[in-house]
Amino acid sequence: MTTAQRLNALCLATLFAVITTNSFAADAADTADKAEAKTVSVFGEADLKVPTQFTATKPQSGIVEHEFVAKSEKNEDATARVTFMAAGGDVQANISRWKGQFSGGDPKAQKTKEMKVGKWNVHIVDVSGKFQERMGGGPFFGGKTVERENYAMTGAIIVHPEGRKYFVKMVGPSEVVTENRDAFVAMIKSIEK
């Protein structure tokens, strides 16, 4: 092999290495972007941008469309469940039902706020105390009830202009819900964009 052939082979090998490295780096960047860019569609008309600290998981119930886990930076063993689903019924009746799942708690921390986000009416509900969690029977019937001390919920009812409703709830230990509340509310408000 002549010197020119060796030089050509070396140049080709270097070029291949650069292209391959750049290709792998681009693939890794695309994968990272996809991992960070989680969205949940609401009625196929708008998306909620899910915070990167929420991890997708298999829904625990057949009526839940999407489910994520919210973690605590302060206590890695503590997590909250974040669920997404279309549902029906009167807004105030649903808020009363959610509040009825809790007892005790700080009365000042129990609040409901209504706001307009783009074309959507949004109701944000905060409640805390002892949570009556239904296990195995769904939200409306059957199943065993387990009492969870020092729990909280931040929930949202997103109402489409035509009246359809979409529920998003974060339920778990108070510390986890409190730590992730701002990110949850920012996700709900992202429906406007």
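How many residues of the lining of the second largest pocket are nonpolar, how many polar and how many charged? The lining divides into five nonpolar, four polar and three charged residues, where Ala, Val, Leu, Ile, Met, Phe, Trp, Tyr, Cys and Pro count as nonpolar, Asp, Glu, Lys and Arg as charged, and the others, Gly among them, as polar. The model is predicted, so that local features need pLDDT of at least 70 and side-chain atom pairs count only at pLDDT 80 or more, while totals for chains, interfaces and linings use all residues. Residues are numbered from 1 along each chain as its sequence is written, and side-chain values use heavy atoms, with hydrogens and water left out.

The volume of the second largest pocket is about 160 Å³. Pockets were defined on a 1 Å grid over the protein atoms alone, as open sets of points where a 1.4 Å probe fits, with protein on both sides within 12 Å along at least five of seven lines; lining residues have an atom within 4 Å of a point. Grid points are joined across faces, edges and corners, and the volume is the space filled by probe spheres set on the points. The lining comprises Ala-109, Lys-111, Asp-126, Val-127, Ser-128, Ala-152, Met-153, Thr-154, Ser-174, Val-177, Thr-178 and Arg-181. At least two lining residues come from each of strand S8 (120–135), strand S9 (144–159) and helix H3 (174–189); helices (H or I, at least four residues) and strands (E, at least two) are DSSP runs numbered from the N terminus. The greatest contribution is that of H3, with four residues.

Buried positions of H3 are Ser-174, Val-176, Val-177, Asn-180, Phe-184, Val-185, Met-187 and Ile-188; buried means under 20% relative accessible area, exposed over 50%, and partly exposed in between (1.4 Å probe, protein chains only). Val-177 counts as buried because its relative accessibility is 2%. The C-alpha atom of Val-177 is 6.6 Å from that of Ala-80, a residue 97 positions away along the chain.

Eight salt bridges were counted, each being a side-chain nitrogen of Lys or Arg within 4 Å of a carboxyl oxygen of Asp or Glu. In one of them, Lys-119 pairs with Glu-45, with the closest N and O atoms 2.6 Å apart. This pair links distant parts of the chain, 74 residues apart: Lys-119 lies in the loop between strand S7 (111–117) and S8, and Glu-45 in the loop between strand S1 (38–42) and strand S2 (46–50). Lys-119 is partly exposed at 41% relative accessible area, as is Glu-45 at 38%. Arg-164 forms a salt bridge with Glu-162, with a closest N and O separation of 3.9 Å. Glu-45, Lys-119, Glu-162 and Arg-164 are linked in a network of salt bridges.

A further salt bridge joins Arg-148 to Glu-133, with the closest N and O atoms 2.7 Å apart. Arg-148 belongs to strand S9 and Glu-133 to strand S8, 15 residues apart. Arg-148 is partly exposed at 25% relative accessibility, whereas Glu-133 is buried at 16%.
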